[in-house]
Structure formats: structure tokens, C-alpha cells
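Have the structure open while you read.

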Number of protein chains: 8
Amino acid sequence: MEQPKVAILLGSDSDLAVMRAAAEVLAEFGVPHEVHVLSAHRSPERALAYVRSARDRGVRVVIAGAGMAAHLAGTAAAATTLPVVGVPLASAAGLCGLDALLATVQMPPGVPVATVAIGGARNAAYLALRILALGDGELAERLEAHRRRMDEDLAAKDGRLQQLGIEGYSKSTGEAP
Amino acid sequence: MEQPKVAILLGSDSDLAVMRAAAEVLAEFGVPHEVHVLSAHRSPERALAYVRSARDRGVRVVIAGAGMAAHLAGTAAAATTLPVVGVPLASAAGLCGLDALLATVQMPPGVPVATVAIGGARNAAYLALRILALGDGELAERLEAHRRRMDEDLAAKDGRLQQLGIEGYSKSTGEAP
Amino acid sequence: MEQPKVAILLGSDSDLAVMRAAAEVLAEFGVPHEVHVLSAHRSPERALAYVRSARDRGVRVVIAGAGMAAHLAGTAAAATTLPVVGVPLASAAGLCGLDALLATVQMPPGVPVATVAIGGARNAAYLALRILALGDGELAERLEAHRRRMDEDLAAKDGRLQQLGIEGYSKSTGEAP
Amino acid sequence: MEQPKVAILLGSDSDLAVMRAAAEVLAEFGVPHEVHVLSAHRSPERALAYVRSARDRGVRVVIAGAGMAAHLAGTAAAATTLPVVGVPLASAAGLCGLDALLATVQMPPGVPVATVAIGGARNAAYLALRILALGDGELAERLEAHRRRMDEDLAAKDGRLQQLGIEGYSKSTGEAP
Amino acid sequence: MEQPKVAILLGSDSDLAVMRAAAEVLAEFGVPHEVHVLSAHRSPERALAYVRSARDRGVRVVIAGAGMAAHLAGTAAAATTLPVVGVPLASAAGLCGLDALLATVQMPPGVPVATVAIGGARNAAYLALRILALGDGELAERLEAHRRRMDEDLAAKDGRLQQLGIEGYSKSTGEAP
Amino acid sequence: MEQPKVAILLGSDSDLAVMRAAAEVLAEFGVPHEVHVLSAHRSPERALAYVRSARDRGVRVVIAGAGMAAHLAGTAAAATTLPVVGVPLASAAGLCGLDALLATVQMPPGVPVATVAIGGARNAAYLALRILALGDGELAERLEAHRRRMDEDLAAKDGRLQQLGIEGYSKSTGEAP
Amino acid sequence: MEQPKVAILLGSDSDLAVMRAAAEVLAEFGVPHEVHVLSAHRSPERALAYVRSARDRGVRVVIAGAGMAAHLAGTAAAATTLPVVGVPLASAAGLCGLDALLATVQMPPGVPVATVAIGGARNAAYLALRILALGDGELAERLEAHRRRMDEDLAAKDGRLQQLGIEGYSKSTGEAP
Amino acid sequence: MEQPKVAILLGSDSDLAVMRAAAEVLAEFGVPHEVHVLSAHRSPERALAYVRSARDRGVRVVIAGAGMAAHLAGTAAAATTLPVVGVPLASAAGLCGLDALLATVQMPPGVPVATVAIGGARNAAYLALRILALGDGELAERLEAHRRRMDEDLAAKDGRLQQLGIEGYSKSTGEAP
């Protein structure tokens, strides 16, 4: 079995519902990865030990998703010099994710967290892919192809919209009243 | 020399300007304390080691002041079961301290941080005093006396305001134009 | 019947749905407590009288949960020198609890409220336990055990996630689509 | 000496710099008033006693200015059924007054605070005047005259702007570079 | 038929769902009132004409509820010197009512709006009652009675909570799981 | 077939549910328009090419709706000197549209975006109509008629409210409980 | 003297310091304009009368700048069907202009305000120019030239930066320490 | 001369004051880089052309700093599949950088921007270093050394604080009153 290149860390197993999208994108691009539930607050020793050993186990990029006072990404960034991507998560008791966003992005000089959008699990994976692609020409090409495909998909949707009109298009996507 | 009962932790030595007020209040009440510069991000191992050993060294309450993505108090609360008081600090590059407030207060269940106002170093000390006073009758009495004194000080100010009028009072405090 | 050591105050009986979690945590740790509906705005005299008599009735920590312009914790902190823990509550007509958070945490010097997360009833209890444990070695040990258990629970979940994979784990928790 | 009809309460004597504008407007309209430094947090008993006795001493409207977790107006509104006007004050350690605004305005049903703008001491006075004018025809006329004067003042400024042009007008008010 | 003493203005008929609570409180206290749909933006002339004639028709207090860029209360306050109470309303496309709150409360000097909580229709009515009670001793007594009743209601709820316990009380209010 | 005078651009086809209201208003006023799905991020070249050719194809006003880091309107405003109207859209993962609002409105000098309310698709169309009406007297008259109709509709609603009372009116609109 | 094509309205003469930039841009492009101090709150009748007569006096675009509960642009948009551009202004007592932004942009359907950035007086003028250029080919060309000039200016700055280096460039603009 | 590995893009030359810190960190680590003034709004074609050619010219990481409706990083991320780091900048007319933060971080799926703190130019460089170090063992070692040095620097400061005390330390750093 191939060594994981990306580690996806969750502050709580309830974050899996959102964060699994990161694993799905990585799988789509054939990038080996692993997912761990590790909390900066409830399992600080294990979290630190895991992050410190990550590089030696082949991990190149760490993705950390957490909500509320979201310390997981920052804690990881303090324990390794690998690039760490932070995904702020909205939570029922939080402020639509604004709390997690600020707790993730406002890091002090020397300990950066590459923060993506609130709930942006997929973009965390795309960012990891961009980083890995710097040393992997084939992955770089697949990313370029993905970029073109996003454009083509949108062009196809626009084409169908011109053909069907607003009413017809909305019906076809099940959004018409 | 007496064992410190309160530990005041600063994420950066630049936080001393605000956080020293906590030390001053503790000194005023004769409570032994120590102040350390320890960052959750720049010195995570030392921070953890310090917090873990705190109880054995006699510390009863940990006060942690930090700005921006303020993880220090939360990191401390994860490493000890002593009560941890968090002081969110406003910083030049921050959002008036709103970032530090949310990063300090929005902790997950099981790992509480007793958060005080933005820049509220003095209240962190008063909260520590209230906690220590549960096991120290003399301190409890001194706190009650302080509470009465706050009231009396305000009453004295009000008395002077009635006597001098707005104009006179403002001049006496140097705030008149 | 044992004297209550923790008083849980609610600004409204509708806050019981969230605040009962504080009572449940205290019960789990065998700490006697009482719950009262007392409003800083609708029953100010009774609220003050209750808080003032709390210490003599054996109460060591006051927990106050309130929403919107949440004054209950601050009012309690003004009437006693016991430690007061404030739980800001989100409410239908409020701003996701941001109003209650600011009204609870931004206290003036000398009158601290130990504020926990929005809706953080359980953490209010855990904070009270940390405070009580300073004078109760057995409780301190139980808190340490709880801290280890949180870590072990998370480790067990992580183990199951490694075993079942994302898809399997999500199904096992009923979150898979 | 005439009985005061309006009571202006300050949570701290440092609020006098902003709140004195309320007294100035009342003086301009010849409405007797008094100013007191009374804190909901540092002198809760005196604050309650004062507010409860206000009606009997002739007070018709209570104006309360406070910053941060601003409880003064709400506390007053809980202790009397007189109309209470709240002035949220910005403070150095606060969030531009947003904290005080929410802590003042978000009152629960049955205990209203008539909140004016952040730092809006003058409008607190104008609101008190509008309320008093309901029972004082002469004051009502003076308020109408003031309303016309605001319009005329602005018209005069506009006239001067047309005459002098932007450059000339800015110089005349000392704002040109 | 008695002349209305309070005018309740709605920026849109969809605001009736929230604002009718103001009418219900006034009816409960026997205060004659009228409700009108009048928009500062869609019917500016009629809105101005109505507000200008309000005093002569016996109106003493104007209550205006509006959402989003909520100009209705401010427009009313500019057109009359009667006290104007503003109710900021949350709306689907708005920011939880923060937009309406700021658009209502941040009025310039000379044109105050007495702002109550977001969605605070009932408090708008209670504020109007406090104002009217200054010239109506019977109403003042009824308000005092209401204040006592709020206290007694809460005391009764607290009593029932002591008797039934959390579980029993929650079941009795239908909130237990 | 008539040349489109207004171009409605969507950052994603999921925005059609909100943005179609803009097309409906334009259709109501008989203004030819076209709708395209074009993303500043996923199809930047096509987006630029479309906007650059818009003027030559007869387009006079560009309406762009986008959510989150909403760059579409700004990108359009950079690529043409036609007036560009921006509609910030709320999205599930966004901050109630506050993110889209700030990303749309806070444009640097020289590249303005005429921003309307969050989700304000209809107002984007009305703004386009106001602009087009400057060179189209008939359209100007229809806009004036629409303005009068808004007033009359509201007056009719108010009339019905006076006739039916709150209870009756609420029932007639299906909002009564 | 030529009829003004753009009307610049200020809620207060103190807004001239920011809003004069709009007049300067219009003057630069040779577009006749006029500036008036007119408040929605302090001179509502004159404001309405002015806006209603604007079209007949040749005005094609109305620019309105106001701070705090900024109602001026919305009031103008309610009184005319000309396009109205709103400039939210930050003010000392306001929330960095967030209050004015929300009060300006969150308009209800049918009454749009084309909102530009906080303090965006220059962009209000550029937006007016884009609108006027739809019926003025020469102005359209001048706007295109301005667009190219912005690009060239930036290219020249970039060239100088490449030549001088960061240190040298910073010194040349007086920003080096 | 060595090919630049990192491109630092500024939306305006006034951003150089903050963004030069990124260049300084890169220079400290001996990483060749270039700095360009390129605006997504004022020079969109040149910005796109530059970003598209970046990879071929040897650039591995793009850093983009911009304020207000900050589109530069997002525009770059749409034009290349290289990792793009965004630095939200606070600006005089902005909301303390909250606008730039949201406009930078809230990117749609497929087009990630690695966002750092408001004004976090140094962290943008450290993040670029972490990314480059994945393919450069020597750089990785230097980053590890830097991580240790941060810890040692803090330990040294803490040592001096223990030696000098708060008063002495504050004097030594020039922060004592």
C-alpha cells in the first residue's frame, strides 16, 4: 500500500460529513491520503505526536478541519514545517463559521496556516494538489485538465441555458417551482 | 520565596504592556504569581511542558493572554485541569480583538477557557482572586472590601460631581476642552 | 440533602433546553447543584437577593445563562465575589448569540464574568468542576480521568475510522447519505 | 431650585466627556436635570436605590450611558417603569461600541430600553425632550422651532456652498488642505 | 370611537406577522391605537403626510417597524417631533436584522429614534406605554402591576421547576426529548 | 430578434434561482436581455471575452450575480466601461451574504460596481431600467407608472388592513396562526 | 452656464471633505454638476423637493453621500426614477462605515440605490460617467482612455519598481523608514 | 541572475509598505523572487498574462496582496494551477481588512487561495517557503532551524523577563511608562 501524501485531520468525527469531500477530491486525482480524528484540545499529545511524525511517514501536506475556536490547523503548523491547510468549519453553536475562520487564519508571523473558505474541504484538497503538483508533472497536467473541464462544464451549462431558456433550464435541474 | 499561585502566560513579550496589569492586581492582593512568555505556536513544547508541570509547582490558576488566532489559553486548558483564564488581546493587525475573543471563548465541550473582556488583564486577575478566595477566607474578605471600595470610590466621584458640576469636574480630571 | 455547591441560574425557563446540559455534567461528577429561573430584568430584586445569599447557603460557583442583552451573569458578578461563569445563549431574535456573548464577556475591571462559548452550558459545568477541584482532590482526579477518557474516546473513534473507512464510518454513525 | 425632570446616569466618570452633551442640550431647552455616576456593576445597590426613587423625586425620563457590556440602562429599566433611554458608548477596549449597542438594545420583552446611536448623547436628550413635550406645550413648540432651525441652518450652509464653491467653502470651515 | 394614541407603522404588510405583537400589548392595556402599512420608499408622500398629521389626530407615540435598510422610523422622526420608536426587523435577505438595527439606531443629532431589540415589537409597545404613563396615573399603576406580574410569573415558574425537577419541568412544557 | 440591452451574468447555474427575478422584471418592462453562466474563477477567459464584446453586441448594462468571494461583477467592471450592477448572493457556506456584499461593493477608485442588496436581483433590474430610461422616454414613463403603482398597491393593502383589522388581514394573507 | 447633469448631495457639510472627490472627477471629465447640502433627516421637505425637480432641471444621475443611518440615497431613490448612486461614509461615531453601507445598500425591491464602496466618492463619479456615457460617445471614449491610462500608470509604476528595487522605490515615494 | 521562484504581486504600489516584508523573509532564506504591481481591476490583461506565463518563467508560488474587494489572489488562482497565497490588506477606507479577508478566502470549489492573516505578508513568505521546501531539502532544514530559533528567541526573552522582572523588562524594551 502506498504511503499517504496528504493527511486530513478532523477535530471531531462529526466534521467527517463536510471534510470527506477533501478525501473524495484527492481520491479522484489518485493521491494517497489518510484521515484521522485528532483534537488539539481533547487529544493534544496524540495530535502533536502524529503531526511531528507526519513528514517521516511520507506526508507532504497536512489538511486540518475544525470548528469554533478551531486550533487544530494552528497547532499542526506549530509542530511541523510541512505546509498546513486549514478548513474553518461552521457549527451549530458557532457564528456561521466566522469564529473558526478567524481562529484559523489570524496566525502570528512564522507559523502560517493556508486557510481556505468556511466549509471549503474540496478547496483544501485542490490546494494540496497544486502544492504536490510542483514536484509531479503528471499531476500538474491533470490539474490543468481539471481547470479546462471546469470551464467546459460551465460552457455546456451556459449552452443548455441558451437552448432551454430560464424556465426550461430550471425545470431540468429541478429548481423550478 | 513563596510558590506562585497564579501563572500569567503571554503569547509574546509585546503583550506585557497590557498583561502586566494582571500582575499588578495580584501583587496588590499579595498573591504570589509568575509571568512567562510562552507561545502555543512558537514554543509549543515548552508551553505544554510548563502548563503540565504547573499544578505540581503550586499554581492554582493559569492566566493566558494572546492576540489574533489566540490559541494559548485553549492549549493550556487542554494540557491541565486547572482553571484557565483567557484574555483576548487586540492587536494592530487584528480585528479590534474580535478575532482573539472568538479564538479564546469558543472552546469545545470538556475543555473550557474562562474568557474575560478584550484586553481585560485586570479582570483576569480579579477572576483568579475570586477562585483562590474559595479556599482562603482572608482573601475573600479582602475581595469583599475591594467590592465596597469600588462602590465608595464611585460614590466619592459622584459626590464631587454634584459639588463641582460638570464643567468643574471635567476640569478637575483634565478632560475639559 | 447535601448543600448545593453550584448554582445554575437561567434568565428564562426557555433557556432550560440548553442549560440543563450543565446540570447533567455536574450530576455526572456527583456535585450537588440547584437550578433557578431568575431574571436580571424581570425579577431583579429576587435575583440580587438570591445571589447575595448564595455563599452562605454553600454555593461556591454561580453559572448564569442568558440570551440577547444577557445581563444575568454580570448582575450576579456585581452582587457576589464568588466566581461567576456566564453562558451566552443564542436566541431566535438575537444575532446568533453574538449579542449575548458581548453583553456577557465585556465586563468592566473589578467585576469579572468567566465567559464560555455561545451555548456552552457543558463547559460552564466543566469550568465549575475545575474550580471546585482546587479544594477537592478526589474531584481533581476524576477530572483528570475525564480528560484521559476524552482522549481515549477520540482514539477509539479514530481506530474505528481507520478500520471502516470514511464510507463505513459515516454509515455507522448514520451520517452517510 | 427646580426638581430635575431628567436623570443622566453614567457608568463611569470617564463617560462624562461624551455624556455631558446630553446635559448641554437639556440646559439649552431649560429642562432641569441631574447627572450621577452610578454603575450597575460597581455600585449596584446605590444604582437600584437611585432609580427606584427617581419617579418620586420628579424624574420623568432616565438617560443611561455606558460602554462595553453596558448594563446600566437595562438595570434602570428593570427597576422603574419610567422611560429609560440608553446611550451605548464606544470604549478603547471595546468593539467600536458594537458591544455596548447590543448590550443596550437587545432587551427582553417587558423591559424596554429606548436606545440611541453609539455615542448619541445629544439624541438621548432630544428623545427625552420629545417625551417631555407630550405634556408641555411650550416645550413642544420649542422642539418644532428647533426642527425648523436645523433645516434653516442647513439651507444657510447650502447657500454659502453655492456662493463660495467647494474650494471656498472648505477653506471657510478650515477643512481645505 | 376613541382617538388612537399610538400609531404602528409597517414598511410592508409582511411585517404584520411580527408587528401585530405591538398591537396586542397595547390592546391588553386598553390603549387605543391604529396600524398602517406605509413605506418610506414605496409611498414616501403618504408616509410623510400621515406622520405630519399624526399629532393633530391625537397620536402621542409613533412605532415604526421595518427591515433591511429600514428608513421608516428615521423618516417619521424627521417629519414629527413626537417620540418615534423604531423596531428593526430581521428579513430573509437581510443580515439577521443587523442591517435594520444599524439603519434604525444610528440617527444623526437632533432626530432621535428610540430603538428597541431586533424584532422587539412587544417592547416597542411597552416603551410607548411607559411614555404615555407619564401623563396617565392609571396606566402607570397598570405598568407597575405588570412589572410585579412578570416577577411573580417567573417566581411561579421557578417554584414549579424546584418541585418537578429539570426532567419533569421540561416534560411539562413539552421541551423534553 | 432584438439585440439584448441588458446582460445578466451568473457565477454559477445554481444562482439562477435568485437571479431569474432580474430577468422577470426586465421582461415585464419589455427590455430585451440575455442570461449567461460565466465565472470569474472557473471560466475567466470566456467571462472576459464576453464582457469585452458586450458593448458591440448592443448591451448597455451588465448585471452580475455571485456569492462568497464574489469577483464576477468586479471582473466585469474591469473589462468594460459599461455600467456594471453587482448582486451579492448569500450562499450556504457563506456568511449570510456579508462576504459577497463586501467582495462586490468595496471596489478601488476607477472601477465602480453599482451594488444592490444581498439577493437583490429585482433591484438590479430596476436599476438597469433607471439607467436605460435616461435615453428612452417611454421606459421612463413606465418606470414612473410603476412607482405610482407601488404606492397604490400599498395604499390598497392599507385600506384592506383598516377594513379587515389585523386578525382578518392576517387570515386573508394566510399568515394567521 | 450649462445645466448640471449630475447632482451631488451631502447629508452634512462635514461630508464635503470626502465627497468633493466626486466633484473633482466629474470636473476632470468636463461633466457639469452641482453640489448641495441636503439632509433626509434635518431638511426632509427641501431634500424631497430638490430630488423631485432634479430631472426637469437636467440632472441625469443623483449621487448621495451620507454616514451612520444613511437615509439620503434611499430617500432620493424613493422620490425620483433617475439612477441614484449612494456613497456610505464612515464617521467618528459610526462602525467604520458598516452602518452606512448597510443602510444604503439593503434597499427593498423597486427602489434601488447603486451603492459604491465606503468613502467611495470617486467611484460614485466614475459610475455616473459610465451611465452618462451610454448617451455620449465622446464621454465613452474618454472613459476608455481613462481605463487605458490606469493600466499604463500601473505599468509605469511597475517599471520603476523593477528599476529601483523595493528600497529605492519606497524611498522615491517617501514611504521608506 | 537566478530565475525567481516566488512572485509577489501587489494590487497597488501603496501596498508595498506592508508587502515588502514578504520579500525580506524570502531574501533572508535566499529564495529568488520578484515583485510586481499588477491590479485585477486596473490592469486585468497584464495581470492575467503575467500569471499565465509565471510557471514557464520558473515561478513556483504566487503571493498576492490586495485590500478592500481584494480580487487579485482569486484572479491569479483562476489563471494558473500554481499554488496562490493571498494576503488580505487592511486599508483606510476598508473595514479593518475584514472585507479583504472575506474577498480573498471565500473562493469557490476548484479555485483555492491559500489565505493568511490580515496584513500577514511575512506568513505568506513562510508559507511559500514551506511549499518550496517540499522539493528542497536544504531549505527544509533551514525552516526547521528557524522554527527552533523562534522557540529559542522566546526562551531568551522569557529568561530576561525572569531576571529583570516586569518593570525592568518593560524599561529594557522601551515600553515602560
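1. Start with H:Glu167, which pairs with B:Arg20 in a salt bridge whose closest N and O atoms are 2.5 Å apart. A salt bridge here is a side-chain nitrogen of Lys or Arg within 4 Å of a carboxyl oxygen of Asp or Glu. The pair runs between chains, with H:Glu167 in helix H6 (residues 137-172) of chain H and B:Arg20 in helix H1 (residues 16-28) of chain B. Helices are DSSP runs (H or I) of at least four residues and strands are runs (E) of at least two, both numbered from the N terminus.

2. How buried or exposed are the two partners? H:Glu167 is partly exposed at 40% relative accessibility, while B:Arg20 is buried at 12%. The cut-offs are under 20% relative accessible area for buried, over 50% for exposed, and partly exposed in between (1.4 Å probe, protein chains only).

3. Before going on, a caution: this is a predicted model, so local features need pLDDT of at least 70 and side-chain atom pairs count only at pLDDT 80 or more, while totals for chains, interfaces and linings use all residues. Residues are numbered from 1 along each chain as its sequence is written, chains are lettered from A and ligands numbered from 1 in the order in which they are written, and side-chain values use heavy atoms, with hydrogens and water left out.

4. Now look at A:Glu167 and F:Arg20, whose side chains form a salt bridge at 2.6 Å, N to O. A:Glu167 sits in helix H6 (residues 137-172) of chain A and F:Arg20 in helix H1 (residues 16-28) of chain F, so this pair joins two chains. A:Glu167 is partly exposed, with a relative accessible area of 40%, and F:Arg20 is buried at 12%. Over all chains, the structure holds 64 salt bridges. There is also a salt-bridge network that links A:Arg20, A:Glu24 and C:Glu167. As background, side chains of opposite charge can pair when their charged atoms come close.

5. Next, chains E and F. Here 18 residues of chain E are in contact with 22 residues of chain F, contact being heavy atoms within 4.5 Å. Together the two chains bury about 1800 Å², with 60% of it on carbon and sulfur atoms. Buried area is the accessible area (1.4 Å probe) that two parts lose on being put together, summed over both. On the chain E side, E:Arg20, E:Arg42 and E:Leu95 supply 32% of the area buried against chain F, more than any other three residues.

6. How many salt bridges cross the interface of chain E and chain F? The rule finds three. One pair is E:Arg46 with F:Asp151, at 2.9 Å, N to O. Another salt bridge joins E:Asp13 to F:Lys157, with the closest N and O atoms 3.5 Å apart. E:Asp13 is in the loop between strand E1 (6-10) and H1 of chain E, and F:Lys157 is in helix H6 (residues 137-172) of chain F. E:Asp13 is buried at 15% relative accessibility, whereas F:Lys157 is partly exposed at 29%.

7. What does chain E put into this contact? Helix H1 (16-28) and strand E2 (33-37) of chain E are the elements that give two or more residues to the side touching chain F. H1(E) provides the largest share, four residues.

8. On symmetry: chain E superposes on chain F by a rotation of 90 degrees with 0.0 Å of shift along its axis (RMSD 0.0 Å). The two copies are therefore related as by a four-fold rotation axis. Superposition is by least squares on the C-alpha atoms of residues with pLDDT of at least 70 in both copies. The residue of chain E that comes closest to the rotation axis is E:Cys96, at 5.8 Å (C-alpha). Only 11% of the interface residues of chain E are also interface residues in chain F, so the copies meet through different surfaces.

9. Compare chains G and F. Chain G can be laid on chain F by a turn of 180 degrees and a shift of 0.0 Å along the axis, with an RMSD of 0.0 Å. That is the relation of a two-fold axis. Here the same surface serves both copies, as 100% of the contact residues of chain G recur in chain F.
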